[in-house]
Amino acid sequence: SLSPRSVAFALGDVSDHGVSAALVTAMAKAGFSILCPLFPEDPKEVLTRINTALFEILRKKKMMSMFLAVMDVQSGTLVYVTLLLVRKVNGFSGRS
């Protein structure tokens, strides 16, 4: 799990509307719930694994953009990754 001085947060947007988009959102949320505790300081690994799983399931029928960050509130360091999900991995990660 995250260190007591860290906080993680995610933002996402699924293409389209309705039940199918809500299901993709639910799948991504489940992925975060499972993977974030396993890789608490590595948002790139979390999004890479979610991308791989959703790509296999959805085969480009839906697209989802995601932002995942882990902030150390003591040092002010932010580790983040952005990704366009449900395509081959195409992302950017960095530190600020």
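Helix α1 has 20 residues, which at 1.5 Å a residue should span 28 Å, and its end C-alpha atoms lie 29 Å apart, in agreement with that value; the expected span is taken as 1.5 Å times one less than the number of residues. This is a predicted model, in which local features need pLDDT of at least 70 and side-chain atom pairs count only at pLDDT 80 or more, while totals for chains, interfaces and linings use all residues. Residues are numbered from 1 along each chain as its sequence is written, and side-chain values use heavy atoms, with hydrogens and water left out.

The chain contains two helices and four strands, and from the N terminus on these elements follow the order β-α-α-β-β-β. Helices (H or I, at least four residues) and strands (E, at least two) are DSSP runs, numbered from the N terminus. Of the 96 residues in the chain, 33% are buried, where buried means under 20% relative accessible area, exposed means over 50%, and partly exposed lies in between (1.4 Å probe, protein chains only). Among the contacts with a separation of 6 or more, 56% are made by residues 24 or more positions apart, a contact being heavy atoms within 4.5 Å. The accessible surface of the chain comes to about 5,900 Å², and carbon and sulfur atoms hold 60% of that surface; accessible areas come from the Shrake-Rupley method with a 1.4 Å probe, and for residues only the protein chains shown count as cover.

Helix α2, residues 43–58, has 16 residues and reaches 22 Å from its first C-alpha to its last, close to the 22 Å expected at 1.5 Å a residue. Its buried residues are P43, V46, L47, I50, N51, L54, F55 and L58. They cover an arc of only 155° around the axis, which puts them on the same side of α2; the arc is that of the directions from the helix axis to the C-beta atoms. An α-helix has 3.6 residues a turn, so residues three or four places apart point the same way.

E45, which belongs to helix α2, has its C-alpha 8.6 Å from that of L35, although 10 residues separate the pair along the chain. L83 lies in strand β3 and is buried at a relative accessible area of 8%; L83 and N51 are 32 residues apart in sequence, and 8.3 Å separates their C-alpha atoms in space.

**Salt bridges**

How many salt bridges does the structure hold? There are two, a salt bridge being a side-chain nitrogen of Lys or Arg within 4 Å of a carboxyl oxygen of Asp or Glu. Side chains of opposite charge can pair when their charged atoms come close.

| Salt bridge | Distance, N to O |
|---|---|
| R5 and D72 | 2.7 Å |
| R49 and E45 | 2.5 Å |

The side chains of R5 and D72 meet in one of these salt bridges. This pair links distant parts of the chain, with R5 in the segment before β1 and D72 in strand β2, 67 residues apart. R5 counts as partly exposed at 43% relative accessibility, whereas D72, at 12%, counts as buried. In the pair of R49 and E45, both residues lie in helix α2, four residues apart, about one turn of the helix. R49 is partly exposed, with a relative accessible area of 41%, and E45 is also partly exposed, at 25%.

**Loops and surface**

On the surface, V7, F9 and V73 form a nonpolar patch with about 240 Å² of accessible area together. Patches are made of residues with over 30% relative accessible area and no salt bridge, with like charges joined within 9 Å and nonpolar side chains (Val, Leu, Ile, Met, Phe, Trp, Tyr) within 5 Å. One of these residues, V73, sits in the loop between β2 (64–72) and β3 (77–85), and V73 is exposed, with a relative accessible area of 53%.
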